[in-house]
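Here is a guided first look at a protein chain. Keep the structure open beside the text and look up each place as it comes along.

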Amino acid sequence: MELINRNYRFFKQHFSPAFVNELSCLKLDQINHYQHQFYGDEVRKSCEEQVSLFLKHPTHLRLNYVSDVASEYAHQICINTLNKRSLDLGCKANSKPQRGTLVLLGLGAGHHLNKLLSSIHYTDVIVVESNVEQYAMAGMNINLDAINKECEARQGSLTFLNIASYEHFISELRSLMDNKGAHLLVDISLYRHYSTPVFDQIYSDFKQWRNNLASMWGFFEDELIGLKHSIENSHKAVVKSHAGVFEEYKTQPIVIVGNGPSLDNELEKLCSDTPNVLIASCGTSLGSLLKRDIVPDFHIEMERPPSNFYLKEHQLTDPRVKKVVLISLNTVYPKLIEQFKHAILFAKSNDAGGELLWGPKQGVTPLFHCNPTVTNMAAAAFARLGFNNLILLGCDYGYIDPKNHHSKLSDYFNKASDLSGAQFDAEMRVKGNFEEFVYSSRIFNEARLAQEQLIKLTPLLNVLNASNGAFISGSTPTKYSEVLFKDTIKEEVKQCIYHYTHSCATHTSNQTISLDEIGKIIANLKRNIATNGSIVELLNELNKAVKALNNHNSKVSKLVLSGSLKYIVATIASHVNHLPSSIWPDYAITAREAVNAMLAEFINKLSFQ
């Protein structure tokens with residue numbers, strides 16, 4: 001009874017009164033009966049034998065960032081330095097981790113947790129459990145307070161997630177990462193003690209949700225480039241919400257053309273459909289369409305680097321494109337906008353420039369779900385404008401053969417183009433739209449998930465997926481050969497759009513921009529990491545800085561700084577987790593110097609804004 005009482009005191013400290021009250025209502029004989037039904041007579045043996053099987057083939061993912069010596073980005077230069085030092089010190093990426101995160105699906109009697117902690121030096125344990133009887137069993141078998149103290153002694157934490165759904169799990173895990181730090185994602189094991197529909201989805205989608213949480217962090221220079229472009233673009237077109245401005249044409253179909261490999265089989269029909277349907281090219285698909293003499297009605301762009309313009313300069317400056325309507329974001333390279341007579345610009349969500357120039361005070365609603373690919377931007381923009389009938393063509397978000405990752409007409413297969421060097425791996429298999437499965441990459445899979453979220457949050461949106469790629473939940477798989485266009489009023493719609501773009505062609509804002517607050521935050525972080533300390537202390541200091549940015553009253557500061565800091569936290573953790581602790585002091589010296597140099601470069605680059 002002493003163990004049970006001790007654990008109930010622990011429950012009272014860490015759980016809601018309602019949950020503790022529900023737990024207290026269970027009688028001891030009820031718990032014993034439930035435990036016998038669940039395990040039989042050999043409770044500890046059942047738990048520990050399951051762990052032995054797991055340890056033979058652990059379900060584990062490691063996150064690391066490769067060096068790029070050509071990069072001029074401060075965080076990447078820091079990563080290069082850290083990678084080199086870790087290799088010099090003997091870091092072995094595939095070694096048993098010295099630190100790491102354990103996500104435990106199912107608490108049960110808990111003996112498996114003790115066995116796992118004694119076998120691998122996990123620092124952070126996340127127990128996913130919502131069944132009160134499971135907690136009651138643990139209360140009879142293991143000392144939860146001792147496990148909590150052990151995690152703290154390892155400079156980690158013990159967390160319980162009482163979740164109701166897969167989506168709830170993702171939300172809670174994201175909040176935990178914001179609170180604790182990006183290091184949680186670096187060496188992460190997933191252990192399933194028993195099956196439920198939610199546990200099974202978490203388990204099967206392990207790589208997907210890990211990648212999702214480690215994606216779209218942004219970085220310092222990218223935000224500064226976007227801010228610079230935003231200021232210039234504010235003089236070229238009015239950035240507005242554009243909500244429902246073409247709602248009277250909501251049933252008019254729009255074909256969103258990506259540059260996936262399945263596009264090649266549909267170009268002949270698309271060409272014949274051109275007089276009857278509005279067509280939107282997305283990024284590099286513009287070149288593929290022009291090669292078949294298909295001139296789109298819209299062109300979508302969302303990337304901010306100047307190189308994105310120059311890669312496609314030949315197509316973007318083609319005289320046939322002059323009357324095409326550009327739909328884009330505040331962050332794009334200004335020269336891109338200059339090529340188009342008609343432009344509609346949105347404020348990008350979670351963007352420093354959008355926040356500073358067109359934030360809530362200006363009454364502009366930013367465009368959400370417009371990342372990570374330009375086809376995401378297209379679907380989000382048309383939905384915002386009021387068009388509810390979308391057809392996805394060449395929006396594959398995957399490939400049957402990784403060697404055929406884009407349309408054969410694209411510059412990805414043009415040896416004279418810089419795009420020809422791009423490689424696409426078969427990182428994962430996902431359900432196919434017309435095939436059993438297709439291969440996908442991290443970015444393409446994120447794009448698919450973003451489309452699914454947009455469709456889910458926009459009930460009036462009707463999306464036909466005519467692409468032979470990944471299945472998109474919420475869309476209707478439809479062969480393009482079966483799509484017929486009739487009673488369209490394409491020219492009337494285009495004239496209405498031209499008229500609207502003329503009203504968006506004047507500048508209305510002369511707001512001044514100050515980044516002094518960001519400079520103060522960087523200077524303060526430099527002071528905080530200046531003193532000699534352990535590598536774990538440096539990690540904690542960086543995590544504290546990210547957490548403070550999440551709670552800062554200036555969202556701009558968070559957007560500019562937090563992404564780069566997360567990359568460094570993850571990189572340091574990826575090394576420390578695979579270096580003997582005796583080597584940590586040597587690594588810490590280099591890490592502190594590299595982080596300090598990165599922060600100094602941030603300050604230097606701010607001074608030129």
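## Two helices side by side

Let's start with helix 12 (residues 220-233) and helix 25 (residues 584-606), whose axes come within 11 Å and cross at roughly 10°. Helices here are DSSP runs of H or I with at least four residues, strands are runs of E with at least two, and both are numbered from the N terminus. The axes are lines fitted to C-alpha atoms, for helices over the stretch in contact, and the angles run from 0 to 180 degrees between N-to-C directions. So helix 12 is roughly parallel to helix 25. On that scale, angles under 35 degrees count as roughly parallel, over 145 as roughly antiparallel, 65 to 115 as roughly perpendicular, and the rest as oblique.

Who does the touching? Helix 12 brings Phe220, Glu221 and Leu224, while helix 25 brings Phe602, Lys605 and Leu606. Contact means heavy atoms within 4.5 Å. Sorted by class, the residues of this contact are four nonpolar, no polar and two charged. (Ala, Val, Leu, Ile, Met, Phe, Trp, Tyr, Cys and Pro count as nonpolar, Asp, Glu, Lys and Arg as charged, and the others, Gly among them, as polar.)

## What you are looking at

This is a predicted model, in which local features need pLDDT of at least 70, side-chain atom pairs count only at pLDDT 80 or more, and totals for chains, interfaces and linings use all residues. Residues are numbered from 1 along each chain as its sequence is written, and side-chain values use heavy atoms, with hydrogens and water left out.

## Three domains

The chain splits into domain 1 (1-220), domain 2 (239-505) and domain 3 (515-608); these bounds come from an automatic or database domain assignment. Taken over C-alpha atoms, the centres of domain 1 and domain 3 are 26 Å apart. Their contact takes 38 residues from domain 1 and 36 residues from domain 3.

## The cores

Now for the inside. A nonpolar core is a set of buried Ala, Val, Leu, Ile, Met, Phe, Trp, Tyr and Cys residues joined through side-chain atoms within 4.5 Å. Buried means under 20% relative accessible area, exposed means over 50%, and partly exposed is in between (1.4 Å probe, protein chains only). The largest nonpolar core has 78 residues, and Phe169, Trp209, Ile535 and Ile572 touch the most other members. Helix 24 (residues 555-576) gives the most to this core, with twelve residues. At least three residues come from each of domain 1 and domain 3.

Take a look around Trp209: leaving out residues up to four places away in sequence, Trp209 touches Val103, Tyr166, Phe169, Ile170, Leu173, Ile188, Leu190 and Ile202. There is also a second, separate core of 49 residues, which includes Leu278, Met302, Ala378 and Ala380.

## An oblique pair and a buried Phe

Helix 1 (residues 2-14) packs against helix 7 (residues 132-141) at an angle of about 130°, with the axes 7 Å apart. That makes helix 1 oblique to helix 7. Leu3, Ile4, Asn7 and Phe11 of helix 1 meet Tyr135, Ala138, Gly139, Met140 and Asn141 of helix 7. This contact has six nonpolar, three polar and no charged residues.

Tyr135 also turns up next to Phe160, which touches Phe10, Phe15, Leu107, Val127, Tyr135 and Leu144, again not counting residues up to four places away in sequence. Phe160 belongs to strand 4 (residues 157-161) and is buried, with a relative accessible area of 16%. Phe160 and Phe15 are 145 residues apart in sequence and 8.8 Å apart in space, C-alpha to C-alpha.

## Backbone details in the loops

Which peptide bond is cis? The one from Asn371 to Pro372, with omega near 5°. Pro372 is in the loop between helix 18 (352-358) and helix 19 (374-385). His369 lies in the loop between helix 18 and helix 19 too, and its phi is near 60°, a positive value in a residue other than glycine. His369 is partly exposed, at 27% relative accessibility.

Asp293 also has a positive phi, near 60°. You'll find Asp293 in the loop between helix 14 (285-291) and strand 8 (298-300), where this residue is exposed, with a relative accessible area of 54%.
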